[in-house]
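Please look through the sequence and the structure shown here before reading on. The report that follows takes up the surface, the cavities and the backbone in turn.

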Amino acid sequence: MFTWIILLIVAVIVFWFIGTYNMFITLKNRVKNAWAQIDVQLKRRYDLIPNLVETVKGYAKHEREVFEKVTELRTRAMSASGPKEVGEANNMLTGALKTLFAVAENYPELKANENFLKLQEELTNTENKIAFSRQFYNDIVMRYNMSQEKIPANLVAKIMGLTPSEYYPVPEEERGTVKVSF
Amino acid sequence: MKRTLYELISENKRRTFLFLIIFSIFLIGIGYLFVYALEWGTIGLILIGLFVILYNIIVYYNSDKIALLSVGAIPAKEEDFKILHNVVEEVSVAAGIPKPKVYVMNEMQPNAFATGRNPQNASICVTTGLLQMMNREELQGVIAHEMSHIRNYDILLMTVIGIVVGLIILLRDIFLRSMWLGGGRRRRDRDGAGGILMIVALILAIVSPILVALIRAAISRQREYLADADGAYIVRDPYGLASALEKIGLYKKPMQVASDATANLFISSPFMGEKYFATHPPIEDRIKRLKSLTF
């Protein structure tokens with residue numbers, strides 16, 4: 001009788017361990033997948049920026065610092081690693097792009113340029129998608145990190161050698177609402 | 001939030017199922033009357049049964065296509081409606097559902113609706129007037145409202161009820177008309193088809209206002225308030241939709257193609273003055289509620 005009870009307890013623990021282990025695997029992959037969603041948009045954004053800079057340069061030659069800032073921040077964002085660093089660099093890049101589009105307002109010919117309008121729409125599209133996938137990413141990271149801290153699942157997390165994932169930083173002025181308009 | 005979303009979805013599915021069951025019983029009843037009066041016997045009953053099954057399949061799988069067709073919506077080409085496609089794509093990322101198919105209808109009144117049986121088979125349709133009048137944020141707000149209807153399966157219930165009621169109204173009109181037209185002849189041979197036709201027409205005439213009341217109950221005003229709030233939450237911005245509703249409220253001409261059957265689908269009532277049935281709460285009230293939201 002006694003051995004059966006022991007066996008039962010062991011079985012329960014083993015099943016619990018397997019279940020928890022698999023939950024962590026699922027969450028880990030979902031974090032990875034959510035990050036991939038953001039990454040696709042970031043890549044698209046990096047591809048669009050040189051075109052934009054070239055187009056704007058044709059009309060607004062004197063705004064050199066703005067171009068340089070955008071180009072420099074793009075390079076920095078591309079070489080950054082990890083969600084936190086990438087996110088911070090990209091948030092700065094968003095700021096620089098906002099300045100660039102604000103500057104473009106002063107050039108009526110540029111604003112009538114079809115290529116420019118197209119690029120502006122494309123960048124707004126990527127920008128919004130980054131912002132919306134960021135919400136998803138941060139939600140899933142929160143679940144992943146919280147599961148690692150909770151008792152008794154934290155024991156499994158320790159055995160698996162898991163570490164909390166980084167959040168994608170949310171720019172100060174955007175906290176609360178996601179609203180991007182160039 | 002998540003939990004209530006699941007509850008909403010299962011409630012909408014249950015209501016749709018219930019509605020189809022009730023209406024099938026009603027159809028079988030009418031069919032039975034016919035079979036009995038015309039003495040078709042067992043074969044007639046089997047045919048009625050098959051018809052009801054077929055009818056339910058058609059309603060479930062095709063009511064979105066019927067709704068789109070009935071308002072004259074055409075697929076929006078990606079190259080001609082780039083911004084619209086982009087906005088729909090962005091909002092579907094935010095809502096976490098696949099990108100719905102995008103349609104436009106040639107109509108000056110700014111309006112929009114969503115239809116389909118689930119998020120995997122959903123469509124969003126906007127009027128050309130809406131595209132002309134709204135800026136990007138306002139369009140985003142409107143699309144987010146529709147996306148909320150899609151995500152919680154409002155579209156299934158609203159489309160199915162709309163199509164079924166449309167069918168009833170159509171049947172009633174046909175029967176009533178045939179009664180007026182053929183009334184003189186029918187009076188002489190009172191037995192058989194003529195009498196039955198009259199009974200059916202009477203039943204339909206009595207039942208259709210009841211069904212319209214049923215729509216009112218199912219598509220309560222609460223549903224629109226909820227889609228406003230949920231849509232604003234999806235894009236974390238209540239002001240785009242609020243400002244879009246302001247513009248929609250200023251437009252005073254009724255829509256050309258909307259009927260009683262499809263009216264409940266739209267973001268704001270396509271009729272003016274809420275003459276037919278008040279499926280939508282007053283716009284001023286919706287705007288006020290939206291502006292009080294904070295996230």
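## A surface patch on chain A

In which helix of chain A is the place of A:Val14? A:Val14 lies in helix 1 of chain A, which covers residues 2-59, where helices are DSSP runs of H or I with at least four residues, numbered from the N terminus. This is a predicted model, in which local features need pLDDT of at least 70 and side-chain atom pairs count only at pLDDT 80 or more, while totals for chains, interfaces and linings use all residues. Residues are numbered from 1 along each chain as its sequence is written, chains are lettered from A in the order in which they are written, and side-chain values use heavy atoms, with hydrogens and water left out.

A:Val14 counts as partly exposed because its relative accessibility is 43%, given that buried means under 20% relative accessible area, exposed over 50%, and partly exposed in between, with a 1.4 Å probe and protein chains only. Together with A:Phe2, A:Ile6, A:Val10, A:Phe15 and A:Ile18, A:Val14 forms a nonpolar patch on the surface with about 610 Å² of accessible area.

## Cavities

There are two cavities of 30 Å³ or more, a cavity being a set of points on a 1 Å grid where a 1.4 Å probe fits but cannot get out.

## Backbone features

Most residues other than glycine have a negative phi, and most peptide bonds are trans. The peptide bond from A:Ile151 to A:Pro152, however, is cis, with omega near 0°, and A:Pro152 is found in the loop between helix 5 (114-149) and helix 6 (153-160) of chain A.

In chain B, B:Tyr153 has a positive phi near 65° and sits in the loop between helix 5 (136-151) and helix 6, where B:Tyr153 counts as buried at 12% relative accessibility. B:Arg236 also has a positive phi, of about 55°; this residue is in the loop between helix 8 (221-234) and helix 9 (238-250) of chain B, and B:Arg236 is buried, with a relative accessible area of 16%.

Notes:
On a 1 Å grid over the protein atoms alone, a cavity is a set of points where a 1.4 Å probe fits but cannot get out, and a pocket is an open set with protein on both sides within 12 Å along at least five of seven lines; lining residues have an atom within 4 Å of a point. Grid points are joined across faces, edges and corners, and a volume is the space filled by probe spheres set on the points. Patches are made of residues with over 30% relative accessible area and no salt bridge: like charges are joined within 9 Å, nonpolar side chains (Val, Leu, Ile, Met, Phe, Trp, Tyr) within 5 Å. Accessible areas come from the Shrake-Rupley method with a 1.4 Å probe; for residues, only the protein chains shown count as cover. A salt bridge is a side-chain nitrogen of Lys or Arg within 4 Å of a carboxyl oxygen of Asp or Glu. Helices (H or I, at least four residues) and strands (E, at least two) are DSSP runs, numbered from the N terminus.
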